[in-house]
Amino acid sequence: MPIAERGYAHWDGAFVERRFPWWPITRLGIRLAFKRKFFKPLFAISLAPAVFFLAGIYMSERIEDFQFMFRGRNGNRLLGVDPAFFKTYFTFDTVLFLMVMLMVLAGAGLISDDLKFNSLQLYFSRPLRKRDYWLGKMATVSFFLLIVTLVPGLLFILFKIIFSGSFKFLTTYPWIPLSVVGYSLLVTLFFAFYTLLISSLSKNRRYVSILLFLVYVFSDVFFGIFYGIFHEPAFCLLSIKCDLQQVGAFIFRVRPQYDVPWIYSVLVLTAICSVSGFVLKRKIRGVEVIQ
Amino acid sequence: MPRNALRSVFSFFFFIGRKARKTRVFFLISGLPVLVALVVQASRLFAAGAPVDGPSLFNNVIMAFELQFLILVLALFYGTSIVSEELEGKTLTYLTTRPVDKTAIILGKYASYGLFLLIMLAASVVLSFIVLNIERLADPDAWMAMLGGLGVLALGLLAYLAFFTLVGAFLKKSVLFGLFFSFGWENVVQYFPGSTQKFTLMHYLKSLLPAASTGSPGKLSFLMVGQQPSSPGVSIATLLALTAVFLAAACLIFSRKEYIFEE
Amino acid sequence: MTAVIRTQSLSKWYGNVLGLSDVTLEIDAGITGLLGPNGAGKSTFLKLIAGQIKPSIGKVTIFDEPIWNNVGTFARLGFCPEQDSFYEDMTGWEFLTRLLSLYLFSPAEIRAKAERALDFVELTKDKDRLIRGYSRGMRQRLKVAQALAHDPQIIILDEPLNGLDPLGKRKVIRIIKDFKDAGKTVIVSSHVLPEIEALTRSIILLHQGKILAQGDIHFIRDLIDKHPHKISVMCSDTRGLAARLVGEPSVLNIQFGPAPDTIVFETRDRDAVYGLLPRLVADNVIDVEEITSPDDNLQAVFDYLTGK
């Protein structure tokens, strides 16, 4: 048999594209997250605020029955379902904190595990592009975050209509569904970029888990420190939580807590996403370069 | 257990730790209070009027941050690393096939990481102090107060490090538990009334702060909300005893437990 | 001769999974090969005798001393684990010297032993490179070096030839043989028969956590030879070849196909057939394109021994 001299040949066949090549990555990520110890209880706990707010919607429609709980105060003012109610849920400290904890469990290993086990080359030896990989990983985080944001938001609207028996809420605030979708997507997109950025920084999942938590908490702590010293609201831009709350206030047409233009917060969040994109582009390679 | 074994394990991990990237990252993180101090002092230099005076900022803010956040984070990461990183990296075999007692492995690594953390902490506290007390550097009382605070932080750091060493030796997935313990239990239960707060390490650390004994308002005042301090003697003895118990339990578990690497 | 390693009724479970079952044996000085397919319990056995895991039932003694948590014994033992894991940010030199420091040798002794071990595994010129930059073969040899640097009396090697190229394999085989020549005890595992054959004649055959056979490798070879052996030949004249093979008394049956121009036959005497085929080629009787053996020898023996 003759032995032919062979060099590397570029594949020039037709690329047969699957419709959603990223979906297997997402499906695997979701399945692995549910297999993790403590994830299911945490996931259930993260839905608790939504249940609590849903109960609030029910009570708001039966306010006379629950008036005794408010000890003479106006129950309608406390439990009124208006844009502020939605803004409160979406920018609630506890909800945001639980979202971070979900990312710690479900998102920390998304890229760091692939880096640790050298599996990037396995991914890219399949008909998969970088953007499919990114999309697959982002969709994993997004799946969980949307369940905590978009799904409850839409359910709040639906149940408000069902409990009140009229569309008055929607006719009064016709933009609310759009705000719910818009804010859910924004917070999900931001946290997805944030998770992937930190997950790509190390091969050690434990390290990534702590960093995910640390950056979020410390950004808020340092805002607190600087705000306490200088009483300058612009320091709220340092805090990821405050930035999300400022943008949330704008989207739900509520007065923001700090007197800082919301667009600055959008710019901060966009900058973090851009850094994430840049880092991911450098880190996600089919071939590992040993230095 | 021969002291030489302990020393050789200590130097083994001190050597590794010095080269590790995580050391540089956590050095930077522990340097954040210095950054705050620099920003504040710069603002005093370049802007008219100082918003807060340096010593008060150091006592109220920097020390509170170090106590409530920094030592917890440092101890959580390094403490759980003591066993977990050997399992995750599958390098445990290289240690447990040597003629070194398993207790020496835990204690040697604890000592080495403890020293790293104390250096990080001391650098952070001392530099912040110098930056914020630049006009009072000749005042020995200020130095003594700072060193007293640093001592409390060091005691807390070593106690938390011992606790997380135990958690890491016992649990495979220790981070989530650690986060809930640090920022849930420790940060919440310390404000509970009565004896409940005594179930936190933070209670004993706060009992050692000057504000606890002098009751002077202003200094770390918000940390003292609802605080029913124990006496300094009891606090120190409890912290030392708990550190010893946590370490002994960690050594016992590590010696008895069989660690199987994940495939 | 006194046995160096003794196990008695050694069993190990991982939860509900059986890792090793009722293994009683004695291992003497020299090289002992532990042979078995993946999941046979080789690593479990090696970890048990290296004191890395605790027996569920039974006991292990090394030089008549129990091994589990018996730190003193570890000075006489070198263990090369299967997993490809290191402290990656160290250089090869740092890795060896730091591990040697755990034996409480003096600095001069540490340097001398590290130099000798690196020289032994031919890594001296790469000793100052970071381990993360080492090739697979270099990493494997460094693993072997850390197991023998302190000059142990027993060295336990878990799949040391795994993933190595032929040159790398030859180097590691030579290292192991040199070690044996120094009068030491070596236990080495593999799932590849020729690798073990290249190292030793004394083998232990493990399958599903149990010892199937123990003794001289010729015993296994004989089993392989007695066991009907399947050979596939691709040639231009399959029927002509079949006619020739029919005359061979060792050939049990002949099949045409499954691929065109291919015959598959079974023989009880491989050597006779492998002697015949080249003669036919040399005499221009047939034009052979390919000779393969669809049987995995070892698996066939395992199937035979387990009565499948």
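Start with chain A, whose secondary structure comes to 16 helices and 0 strands. Helices here are DSSP runs of H or I with at least four residues, strands are runs of E with at least two, and both are numbered from the N terminus. This is a predicted model, in which local features need pLDDT of at least 70 and side-chain atom pairs count only at pLDDT 80 or more, while totals for chains, interfaces and linings use all residues. Residues are numbered from 1 along each chain as its sequence is written, chains are lettered from A and ligands numbered from 1 in the order in which they are written, and side-chain values use heavy atoms, with hydrogens and water left out.

**Chain A as a whole**

Colour chain A by accessibility. Of its 291 residues, 48% are buried. Buried means under 20% relative accessible area, exposed means over 50%, and partly exposed is in between, with a 1.4 Å probe and protein chains only. The chain exposes about 15500 Å², and carbon and sulfur atoms supply 64% of that area. Accessible areas come from the Shrake-Rupley method with a 1.4 Å probe; for residues, only the protein chains shown count as cover.

**Helix H16 of chain A**

Select residues 262-283 of chain A, which form helix H16. H16(A) has 22 residues and reaches 32 Å from its first C-alpha to its last, close to the 32 Å expected at 1.5 Å a residue. The expected span is 1.5 Å times one less than the number of residues. Buried residues of H16(A) include Ser265(A), Leu269(A) and Cys273(A). Show the neighbours too: the buried residues of this helix pack against H8 (109-116), H10 (130-148), H13 (176-199) and H15 of chain A. Contact means heavy atoms within 4.5 Å.

Next, select Arg253(A), in the loop between H15 (240-251) and H16 of chain A. Arg253(A) is not a glycine, yet it has a positive phi of about 55°. Its relative accessibility is 59%, so Arg253(A) counts as exposed.

**The open sheet of chain C**

Move to chain C and find the open sheet of 6 strands, with the order E6-E7-E8-E3-E9-E10 and mixed pairing. Its edge strands are E6 (77-80) and E10 (210-216) of chain C, each pairing on one side only. From one strand to the next, the twist averages 15°. Two strands pair if DSSP finds at least two bridges between them.

Zoom in on E9 (residues 202-207) and E10 of chain C, an antiparallel pair with 6 bridges. Ile204(C) stands opposite Gln214(C) in E10(C). Helix H4 (residues 136-148) of chain C packs on the sheet and touches E6 and E7 of chain C; its direction makes about 165° with that of E6(C). Axes are lines fitted to C-alpha atoms, for helices over the stretch in contact, and angles run from 0 to 180 degrees between N-to-C directions.

In the loop between E9 and E10 of chain C, select Gln208(C). Its phi is near 50°, a positive value in a residue other than glycine.

**Strand E13 of chain C**

Finish with residues 262-267 of chain C, strand E13: 5 of its 6 residues are buried, so the strand is largely enclosed by the rest of the structure. Strand E11 (residues 229-235) of chain C runs antiparallel to E13(C), joined by 6 bridges. There, Met234(C) has Thr262(C) as its bridge partner. Strand E12 (residues 251-256) of chain C also pairs with E13(C) in the antiparallel sense, over 5 bridges.
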